[in-house]
Amino acid sequence: MKLIENKARKPLSSQTQEEILHYIQTKPLKQGDKIPNEFELAQALNVGRSTIREAIKSLVTRGVLEVRRGVGTFVVSTTPVQSDPLGLGRIKDKYKLAMDLLEVRLMIEPEIAAQAALRASQDEMKTLSQLCDEIEQLCRSKVDHTPRDVDFHTCIARCSNNMVVENLVPIITSGVSTFAELTDRSLVSETIETHRAITNSILNRDPSGAKYAMISHLNYNRQALMTQIQKEANQSALPEEK
């Protein structure tokens, strides 16, 4: 397997996804073909097996791979599902969309976090902890942390080890990205604080702590979004200069 050249610095799991997809497309493999096992992929791509597992889970979510327990991992499609599977990009009122996404996230993510605290594997908890550390470093360095924020919430969903929850990931990721775009990632200290609280609760197998930490995190987001909406409304109400 030949590694693709990576000119842009991306998270290791994202690079690994692209390399596996590149391998599938250039081999070429077709629908129903079996890909190399986890150990072989880790050796070929020179990454850890936990990174391979994370990349495969992402490709499963994107509709590229299917894992058959006890049998192996097989190609479902050689092209990922579209990046906007819910069609949310067509909605013009982005503030209404962001509020509605937050509403849905408040319905589901606290319970997802609680289940993650009960079901996460050691490897999944290690990945979550690393993501939390990376996001804190990016925030303190005033670097855009949105891609890793998406990975963080996606990881929590996977930690729930619920097949249906994995299909809800596009709602979560759309919510994270839309919020960041509209608020210019204004919640730095709050992000660090609440991400750490969520992570620690999951690591400590504390479902109630994880649930309420997630509620706190999303409420900070909601308050910031409402402040931004009010700011935009106030600016629109100002008389035009002549």
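The protein contains ten helices and two strands, where helices (H or I, at least four residues) and strands (E, at least two) are DSSP runs numbered from the N terminus. The structure is a predicted model, in which local features need pLDDT of at least 70 and side-chain atom pairs count only at pLDDT 80 or more, while totals for chains, interfaces and linings use all residues. Residues are numbered from 1 along each chain as its sequence is written, and side-chain values use heavy atoms, with hydrogens and water left out.

From the N terminus on, the order of elements is α-α-α-β-β-α-α-α-α-α-α-α. Of the 242 residues in the protein, 43% are buried; here buried means under 20% relative accessible area, exposed means over 50%, and partly exposed lies in between (1.4 Å probe, protein chains only). Contacts were taken as heavy atoms within 4.5 Å. Among contacts between residues at least 6 apart in sequence, 70% join residues at least 24 apart.

Helix H2 spans residues 38-45, and its buried residues are Leu 41, Ala 42 and Leu 45. Seen down the axis of H2, these buried residues fall within an arc of 100°, so they line one face of the helix; the arc is that of the directions from the helix axis to the C-beta atoms. The cover over the buried residues of H2 includes helix H1 (12-26) and H3.

Side chains of opposite charge can pair when their charged atoms come close. A salt bridge was defined as a side-chain nitrogen of Lys or Arg within 4 Å of a carboxyl oxygen of Asp or Glu, and the count by this rule is 14. One of these joins the side chains of Lys 57 and Glu 124, at 2.5 Å from N to O. This pair links distant parts of the chain, with Lys 57 in helix H3 (residues 49-61) and Glu 124 in helix H5 (residues 122-140), 67 residues apart. Lys 57 counts as partly exposed because its relative accessibility is 25%, whereas Glu 124, at 9%, counts as buried.

Other salt bridges lie within a single helix. In H5, Glu 136 and Arg 140 meet at 3.0 Å, N to O; being four residues apart in this helix, Glu 136 and Arg 140 are separated by about one helical turn. Arg 140 has a relative accessibility of 59% and therefore counts as exposed. In helix H6, Asp 151 and Arg 148 are three residues apart, and so about one helical turn separates them. Their side chains form a salt bridge of 2.4 Å, N to O. Both partners are assigned to the buried class, Asp 151 with a relative accessible area of 17% and Arg 148 with a relative accessibility of 10%. An α-helix has 3.6 residues a turn, so residues three or four places apart point the same way.

Pro 147 and Ser 14 are 133 residues apart in sequence, yet their C-alpha atoms are 10.0 Å apart in space.

Grid points are joined across faces, edges and corners, and a volume is the space filled by probe spheres set on the points.

One cavity of 30 Å³ or more was counted. The largest cavity has a volume of about 120 Å³. It is lined by 13 residues, of which His 145, Asp 149, Phe 179, Thr 191 and Asn 221 are the closest to its centre. Helix H6 (146-159), helix H8 (169-183) and helix H10 (207-237) each supply at least two lining residues. By class, the lining of this cavity has four nonpolar, six polar and three charged residues, with Ala, Val, Leu, Ile, Met, Phe, Trp, Tyr, Cys and Pro counted as nonpolar, Asp, Glu, Lys and Arg as charged, and the others, Gly among them, as polar.

The second largest pocket has a volume of about 230 Å³. Its lining includes Leu 12, Ser 13, Ser 50, Thr 51, Asp 123 and Arg 148. The elements that give two or more residues to this lining are H1, H3 and H5, and H5 gives the most, with six residues. The lining of the second largest pocket divides into two nonpolar, five polar and five charged residues.

Terms used: 1 Å grid on protein atoms, 1.4 Å probe; cavity = no way out; pocket = protein on both sides within 12 Å on 5 of 7 lines; lining within 4 Å.
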